[in-house]
Amino acid sequence: MKPKVVVSGREDGRRSERADERMSEGFSAEAAREGLGAYLQYLGFLISRMPPPTELARLEAPYYDYLQAPLQPLADNLESSTYETFEQDPVKYKQYQAAVRQALIERHPANGPVPVVMVLGAGRGPLVDAALYAAVEAGRTIRVFALDKNANAVVTLQNRRLNEPTWAAHVTVVTADMRSWAPPELADMIVSELLGSWGDNELSPECLDGAMRYLKPSGISIPSGYVSTVAPLSSSKLWNEVGRLREVKHFETPYVVKVHNAFQMAPAQRCFTFEHPAPEQRLTPPAEPDNTRARALTFDVSVGGRLHGFVGYFHCTLYKDVAISTDPATESIGMFSWFPLYLPLRQPVHVPDGGTVTVQFWRHVSPQKVWYEWALLHPEMSPIHNPNGRSYHIGLL
Ligand SMILES: C[S@@+](CC[C@H](N)C(=O)[O-])C[C@H]1O[C@@H](n2cnc3c(N)ncnc32)[C@H](O)[C@@H]1O
């Protein structure tokens with residue numbers, strides 16, 4: 001990180017013998033003069049004491065402020081190299097393992113029936129491994145179904161079943177879309193990871209709603225729920241990056257981005273919450289879940305500036321207090337599978353010190369697609385961004 005530092009104040013016009021040296025270090029001519037020299041010297045001292053970047057920061061540096069369009073999770077299949085990158089995450093799979101272990105210990109006595117665990121969206125199998133390790137740690141035996149719609153990933157799953165004795169003994173591999181699969185039996189536990197940068201933005205709710213019908217009445221989903229969170233963001237860098245794309249539709253598109261040159265103007269607040277099974281699915285008889293959402297949020301901004309949009313995160317409860325999170329307030333430190341989401345504003349807006357920002361978000365669902373709309377309500381009204389999903393949507397077909 002190379003923060004810009006502004007030193008302001010009176011300067012006496014004389015050049016110090018260190019001024020040229022300071023200027024060559026990137027300080028301005030004015031600042032390098034004698035009057036501000038002590039401040040510059042002290043800044044130089046602080047900079048020299050900064051710790052070197054961590055391994056994670058080095059890996060992430062090429063992605064700083066680089067806009068990526070979010071995935072179309074149902075239309076596109078992931079590449080093997082993408083799975084491989086996910087699988088390096090040092091936190092995510094450990095948390096899943098801890099969640100499955102705790103659920104097995106608390107819900108399945110060692111001398112009871114063998115629990116059936118279904119890993120839905122298994123990819124190349126790391127969550128299957130996490131479940132199998134958890135069973136060993138819990139002293140339980142489990143049977144696992146590993147399902148994915150991606151035929152390429154399923155080839156890897158089948159190979160693992162052929163080559164790994166634990167898999168051969170405990171795992172059944174299935175190629176199917178979880179929304180339409182007809183399972184041969186019901187599950188005690190459904191384990192999945194279908195989260196996008198803003199939690200529900202890769203259709204986890206729609207996919208898991210379809211799968212809840214093959215959970216036993218006593219069964220659980222890991223995750224049990226998630227909430228998207230959002231905060232106002234000042235970042236001329238990100239706004240200009242969107243502007244370079246030269247079409248309004250890009251200001252109505254959320255981007256996955258490692259937000260770097262930016263100032264989050266207030267703590268993130270909860271936006272859309274989802275539970276699995278959905279509350280409607282716990283009714284007798286169960287009803288179709290409604291995954292549309294609308295939420296207005298007001299943020300207190302103590303240090304004002306130009307508002308260029310919003311930054312989105314998620315907090316996901318796997319089981320009881322075992323969670324994964326990208327929200328700065330509860331962040332899973334070291335987890336790198338997700339960058340935040342940037343939701344731009346078409347026009348930046350000035351927010352004064354001590355001001356407030358009010359914004360409205362909507363999540364819409366049709367039989368074909370899911371999309372978000374958003375509008376600033378205060379300190380100025382903006383148009384509704386992305387009406388009817390005209391610029392960006394996530395396909396359900
Ligand atoms: C984010 S990846 C997770 C892969 C793996 N479980 C992991 O944690 O590394 C999501 C996986 O779910 C699969 N998937 C997404 N929607 C699906 C659906 N409706 N039915 C079956 N698989 C699905 C994708 O093909 C992908 O392999």
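The model is predicted, so local features need pLDDT of at least 70 and side-chain atom pairs count only at pLDDT 80 or more, while totals for chains, interfaces and linings use all residues. Residues are numbered from 1 along each chain as its sequence is written, and side-chain values use heavy atoms, with hydrogens and water left out.

Start with the sheet. Four strands build an open sheet, ordered β10-β14-β15-β16, with antiparallel pairing. Strands here are DSSP runs of E, at least two residues long; helices are runs of H or I, at least four residues long; both are numbered from the N terminus. Two strands count as paired if DSSP finds at least two bridges between them. Strands of a sheet pair through backbone hydrogen bonds, either parallel or antiparallel. At the edges stand β10 (293-301) and β16 (394-395), each pairing on one side only. The partner of β10 is β14 (residues 355-365), joined to β10 in the antiparallel sense over nine bridges. Within this pairing, Arg293 stands opposite Arg363 in β14.

Now follow β10 to Val301, which lies in that strand. Is Val301 buried or exposed? Val301 is buried, because its relative accessible area is 1% (buried is under 20%, exposed over 50%, partly exposed in between, with a 1.4 Å probe and protein chains only). Leaving aside residues up to four places away in sequence, Val301 touches Met265, Val351, Pro352, Asp353, Gly354, Gly355 and Val357. Contact means heavy atoms within 4.5 Å. Gly9 is 292 residues from Val301 along the chain, and their C-alpha atoms are separated by 26 Å.

Next comes a loop. Thr326 sits between β12 (322-325) and β13 (341-351). Thr326 counts as buried because its relative accessibility is 13%. Beyond residues up to four places away in sequence, its contacts are Ser197, Tyr313, Phe314, Glu331, Met335 and Trp338.

Turn to the annotated region. An unreviewed UniProt entry places "domain: PRMT5 arginine-N-methyltransferase" at residues 58-222. Over residues 58-222 the chain is 41% helix and 18% strand. The end C-alpha atoms of that stretch are 32 Å apart.

Tyr42, Phe45 and Leu46 make a nonpolar surface patch of about 300 Å². Leu46 belongs to helix α3 (residues 37-48). Leu46 counts as partly exposed because its relative accessibility is 39%.

Key: UniProt positions are given in the numbering used here, feature names are shortened, and annotations may be inferred rather than shown by experiment. Patches are made of residues with over 30% relative accessible area and no salt bridge: like charges are joined within 9 Å, nonpolar side chains (Val, Leu, Ile, Met, Phe, Trp, Tyr) within 5 Å. Accessible areas come from the Shrake-Rupley method with a 1.4 Å probe; for residues, only the protein chains shown count as cover. A salt bridge is a side-chain nitrogen of Lys or Arg within 4 Å of a carboxyl oxygen of Asp or Glu.
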